[in-house]
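Here is a friendly walk through one protein model. Keep the viewer open and click along as you read.

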Amino acid sequence: MMTPKIEIDEGSGFCFGVVTAIRKAEEELAKGGVLYCLGDIVHNSREVERLKAMGLVTINHEEFNRLRGAKVLLRAHGEPPETYETARRNGIDIIDATCPVVLQLQKRIKQEYASEGEDGCKQIVIYGKNGHAEVLGLVGQTAGKAIVVENLEEVRKLDFGKDIRLYSQTTKSLDGFREIVDYIQGHISPEATFEYHDTICRQVANRIPNIRKFAAAHDLIFFVSGKKSSNGKMLFDECLRVNPNSHLVDSADEIDHALLAGVTSVGICGATSTPKWLMEEISEAIRCRI
């Protein structure tokens, strides 16, 4: 039997925002003392476990509200203003690892909301995943008044007689954003205005054509991602579109080795929240079973 070629996608792995957050966590942990992280630092359980072993303590917002005088890292996803207010009130030392792209988007939405005026005639709409950490931080810039839409069905519920300002979660797909823009342009009232801002991170968006090309070049794809990763779901769907023999795994234990029968090439790729070391671990697990 011919031994299949195994290739790891060079374009996969952490985006710069996640790299920065993890580097900051490692630097702080090296100093000693307790470091808390508000929410999983990245949507990958294996990387969270690695940092936990180094001493990083993951907490939720309820636990954060009870802290006093502690050191807390804010992950790349960003936080709403209330989190910073709580930190000031409770004497919490913030290590801010919010991605610069997300930070800039927060500022733009905050300015948009501030310019709305008391009549409230403007709808600030965010194309994103309801409940996602980044989206919660964005909505927080508008005192909770921004409208989050995940798909066209939700877009149809907007008031097309009122002005609309559209933004996007940084990790959403460009195709989905353009579809929503086209729909609103086709339905907005002549008396209302519509402005849209493509706020999708290009480091993420540019992975789509690359991952399509990579997936199409192999007989079998193992896409490595945490189950909670929004970006991972989006990129895995892109793999499936071009290669139906694509499979989502978050560890070597999930590999179905029966899938290797008869294939000549295996591609391993992942999300912006997938560490390179985990893709290499999965590659080695496959090699050991061939």
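Arg 202 and Asp 198 form a salt bridge, with the closest N and O atoms 2.3 Å apart. A salt bridge here is a side-chain nitrogen of Lys or Arg within 4 Å of a carboxyl oxygen of Asp or Glu. Elsewhere, salt bridges that share partners join Asp 175, Arg 178, Arg 212, Glu 238 and Arg 241 into one network.

A word on the model itself: it is predicted, so local features need pLDDT of at least 70 and side-chain atom pairs count only at pLDDT 80 or more, while totals for chains, interfaces and linings use all residues. Residues are numbered from 1 along each chain as its sequence is written, and side-chain values use heavy atoms, with hydrogens and water left out.

**The chain as a whole**

The protein chain has 12 helices and 12 strands. Helices (H or I, at least four residues) and strands (E, at least two) are DSSP runs, numbered from the N terminus. The radius of gyration is 21 Å, close to the 19 Å that the globule rule gives for 290 residues, so the chain is as compact as a globular protein of that length. That radius is taken over C-alpha atoms, and the globule rule is 2.2 Å times the number of residues to the power 0.38. Along the principal axes, the C-alpha atoms fill a box of roughly 70 × 55 × 25 Å.

Buried residues make up 54% of the 290 residues. The chain exposes about 13700 Å², and carbon and sulfur atoms supply 50% of that area. Accessible areas come from the Shrake-Rupley method with a 1.4 Å probe; for residues, only the protein chains shown count as cover. Of the contacts with a separation of 6 or more, 71% involve residues 24 or more positions apart. Contact means heavy atoms within 4.5 Å.

**Salt bridges**

A search of the whole structure finds 20 salt bridges. Three of them, including the pair from the opening, are set out here.

| Pair | Closest N and O atoms |
|---|---|
| Arg 202 and Asp 198 | 2.3 Å |
| Arg 50 and Glu 26 | 2.7 Å |
| Glu 62 and Arg 66 | 3.3 Å |

What does the bridge between Arg 50 and Glu 26 tie together? Arg 50 lies in helix 2 (residues 45-53) and Glu 26 in helix 1 (residues 16-30), so the pair links parts that are 24 residues apart in sequence. Arg 50 counts as partly exposed at 28% relative accessibility, and Glu 26 is partly exposed at 28% too. Glu 62 and Arg 66, by contrast, are 4 residues apart in helix 3 (residues 61-66), separated by about one helical turn. Both Glu 62 and Arg 66 are exposed.

Is Glu 238 buried or exposed? Glu 238 is buried, with a relative accessible area of 4%. Not counting residues up to four places away in sequence, Glu 238 touches Ile 208, Ile 211 and Arg 212.

An open sheet of 4 strands has the order 1-12-10-11, with parallel pairing. Two strands pair if DSSP finds at least two bridges between them. Strand 1 (5-8) and strand 11 (246-249) are the edge strands, each pairing on one side only. From one strand to the next, the twist averages 20°.

Strand 12 pairs with strand 1 over 4 bridges and with strand 10 over 5 bridges. Gly 267 in strand 12 is the bridge partner of Glu 7 and also of Ile 221. Strand 10 (residues 220-224) pairs with strand 11 over 4 bridges, and Phe 223 stands opposite Leu 248 in strand 11.

Why is strand 12 largely enclosed by the rest of the structure? The reason is that 6 of the 6 residues of strand 12 are buried. On one side these are Ser 265, Gly 267 and Cys 269, and on the other Val 266, Ile 268 and Gly 270. Helix 12 (residues 276-289) lies across strand 1, strand 10, strand 11 and strand 12 (265-270), running at about 155° to strand 12. Axes are lines fitted to C-alpha atoms, for helices over the stretch in contact, and angles run from 0 to 180 degrees between N-to-C directions.

Terms used:
Buried means under 20% relative accessible area, exposed over 50%, partly exposed in between (1.4 Å probe, protein chains only).
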